[in-house]
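These are my notebook entries, written while going through the structure shown below. I set down what I looked up in the order in which I looked it up.

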Amino acid sequence: MSTVGLNEKMVHTRLRSRFKKIIRPYYLLAPTFFFLLLVLLYPIGYQIYISFHDTKVAGPNVFVGLQNYIDLLQNQDFGMMMWVSLVWTFGCLIGQFIFGMGTALFLNQHRRGSNFFRAALLAPWVMSGVLTGIIWKWLYNPVYGVLNAIVDKIFHLPKISWMGSGNMALLSVIIANIWKGFPFWMIMITAGLQSIPGELYEAATVDGANHWHRFWSITLPGLKTILIVTSILAFIWTYNFFDLIWVLTRGGPANRTITFPLYIYQQAFIFGDRGSASASALLLIILMTIGIIVYARAFSLRKD
Amino acid sequence: MNTKKLKRNIKTIAYYIIVIILMIIVLFPFYWMVASSFKTQGELFALDPTWFPQEPTIENYLRVINTEGFTRYFYNSAIVSFSTTILSILIGSLAAFAFALFKFRGSRILSFSILLSQMFPISALIVPLFILISRLQLYNTYSGLIIAYTVFTLPLAVWLMTGFFDSIPKEIADAAYLDGCSYWQFYFRILLPLSAPGIAATGIFVFLTSWSEFLLALILTESPSVQTISVGLSTFIEQRGVDWGGITTAATLASLPLLILFWAVQRHFVAGMTAGAVKG
């Protein structure tokens, strides 16, 4: 958009002046922004309103000030949910990063079929959250599941109760999401790798740098921008991902896999407390925004 | 001389062995889903799982396809996803037209706000959205879902189509202008046909997103006559918790459109996504 040449600019102005009287580009944007305002901005406003009201009583909502927020912070489940959200988000991101980086580096060779392999490895990412949940629920089945058969028959270890205990269940949902999410990292990192000029590596090799040196001093710095963008996107998606955990564990056992979106759903649609759900939804947005700002700051500071 | 060649061959062989192991690990869950759908009940619940179906059967498929509720979920998903795709492309292409071919005040901030809304978490809005859709009398209707899906797919549609429209050579717009082409003629006769492949790719992404969506469908619908396949599958797993033959069959059928359509557009997709990231 920024590379508009002189000739094109002229056409733009001509097209514009010609049609200015009939229609302005704002009319073209009107439908899009009408829908975005109706279904995004209005609900955000309503959410703020409702988070200050008690909605549990019949009749008009009662203004209760910050009571919903205070109740939330005193709720035991809330602390558990914050902890689970943290472990879930960072566990998934770290796992996806390692696996995505590994596959991207490995497949970044000019060999027959490497494009095909990359495309095939994207398949898990195309799966919906619900389908991923179903596939893994069957793999994790404690009695008939194939993972336990492998553990038992091939490694001769005791069978694992994948979804039984709290920590194991959390680890299991994280593994399933690493499987689903790593291809996104792989594709983004591949694009980043291909944008690093090959001469840099040649020069480094002439200077006697080994693989590890080249990775640290050329590859990682060259990937910096794309890693920041990818990790922010992946952070937003993971932090707000409802479907997979819902199908696999419903937040159980005993709330040990409950993350922010499941908590909001539970408050609103199971306990019927919309005020509290709205308060936690706003906290989700605020914490997410702070997290992203701090993260982006930390990286741009290091550059200076 | 020959040792160098030998070394290279060994490297090549090692590469392909590692790739094959990687593919097996990553694609095994898919294989297991499909293989299980072809197994008999006895084989599924054997204590020694079999790696290949011993007596492949389509009994599970017949049973699932003849379950009336299941075909209905498929049908609902198709209606909702198609309508969303058409609406999103129609509305989004107008906005993309404006962003790609006009210079106007506020264009940067408006396109940035579209990008920002793409990142907004739906899960944080489920309460007010539920109330909004209920107040509009659209709870438990196709229209309610279609409106919600249109809004959540619009930002990506606008973003992708702006890119496709941008890549149309500006000489063509120039020539059209000199030929006295009107504004709408330009849009319908030149812009849309020329970017047909890009629009098709955008449409497929919108379709895939709608087909996969779960949370909104869960809160905005309640009866099987309007619920989509995502909700249907989660109900299926609840009601038939032990019928893994049926569940894996349903999952295989539901993932076919995703895998086929994605394969058709993966080139566009990878290019579009990474270009956006490098630019942004």
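**Helix α4 of chain A**

I began with the length of helix α4 (residues 76–107) of chain A: at 1.5 Å a residue its 32 residues should span 46 Å, and the end C-alpha atoms are 46 Å apart, which agrees. The expected span here is 1.5 Å times one less than the number of residues in the helix, and helices (H or I, at least four residues) and strands (E, at least two) are DSSP runs numbered from the N terminus.

I note for all entries that this is a predicted model, in which local features need pLDDT of at least 70 and side-chain atom pairs count only at pLDDT 80 or more, while totals for chains, interfaces and linings use all residues. Residues are numbered from 1 along each chain as its sequence is written, and chains are lettered from A and ligands numbered from 1 in the order in which they are written.

Which residues of α4(A) are buried? I listed A:Met81, A:Val84, A:Ser85, A:Trp88, A:Thr89, A:Cys92, A:Leu93, A:Gln96, A:Gly100, A:Thr103, A:Ala104 and A:Leu107. A residue is buried if 20 or more other C-beta atoms lie within 10 Å of its own, exposed if 12 or fewer, and partly exposed in between, with C-beta atoms placed from the backbone. I then looked for what covers them and found that the cover includes α5 (114–121), α9 (166–194), α11 (211–239) and α13 (260–270) of chain A, together with α1 (2–37) of chain B.

**Chain A as a whole**

I recorded 14 helices and two strands in chain A, and of its 304 residues 38% count as buried. Among contacts between residues at least 6 apart in sequence, 68% join residues at least 24 apart, where two residues are in contact if their C-beta atoms, placed from the backbone, lie within 7 Å.

For confidence I used pLDDT, the predictor's confidence in each residue, from 0 to 100. The mean pLDDT of chain A is 85, and 90% of its residues reach 70 or more, but over residues 1–6 of chain A the pLDDT stays under 50, and for these the model has two contacts beyond four places in sequence.

**Two positive phi angles**

I checked A:His156, which has a positive phi of about 50° although it is not a glycine; A:His156 is found in the loop between α8 (146–154) and α9 of chain A. Is A:His156 buried or exposed? It counts as exposed because it has 7 C-beta neighbours inside 10 Å.

A:Asn255, also not a glycine, has a positive phi near 60° and lies in the loop between α12 (243–248) and α13 of chain A. With 18 other C-beta atoms within 10 Å, A:Asn255 is partly exposed.

In helix α12 of chain A I looked up A:Leu244, which is buried, with 25 other C-beta atoms within 10 Å. Beyond four places in sequence, A:Leu244 is in contact with A:Gly129, A:Thr132, A:Gly133, A:Val173, A:Ala176, A:Asn177 and A:Lys180.

A:Ala123, in helix α6 (residues 123–126) of chain A, counts as buried with 20 C-beta neighbours inside 10 Å. Leaving aside neighbours within four places in sequence, I found A:Ala123 in contact with B:Leu27, B:Phe30 and B:Leu259.

**Where the chains meet**

I turned to the contact between the chains, which takes 74 residues from chain A and 75 residues from chain B. On the side of chain A that touches chain B, the largest share, 14 residues, comes from helix α2 (residues 25–51) of chain A. By class this side has 57 nonpolar, eleven polar and six charged residues, with Ala, Val, Leu, Ile, Met, Phe, Trp, Tyr, Cys and Pro counted as nonpolar, Asp, Glu, Lys and Arg as charged, and the others, Gly among them, as polar.

The domain assignment of chain B gives domain 1 (2–37) and domain 2 (68–279), with bounds that come from an automatic or database domain assignment. Their centres, taken over C-alpha atoms, are separated by 35 Å, and their contact takes four residues from domain 1 of chain B and six residues from domain 2 of chain B.

Which residues touch the most other members of the largest nonpolar core? Of its 139 residues, I found that A:Ile134 and B:Ala148 do; such a core is a set of buried Ala, Val, Leu, Ile, Met, Phe, Trp, Tyr and Cys residues joined through C-beta atoms within 7 Å. The largest share of this core, 16 residues, comes from helix α7 (residues 142–166) of chain B. Domain 1 and domain 2 of chain B both give residues to this core, so it lies between them. Not counting residues up to four places away in sequence, A:Ile134 touches A:Val247, B:Leu233, B:Ile237, B:Ile247 and B:Ala251.
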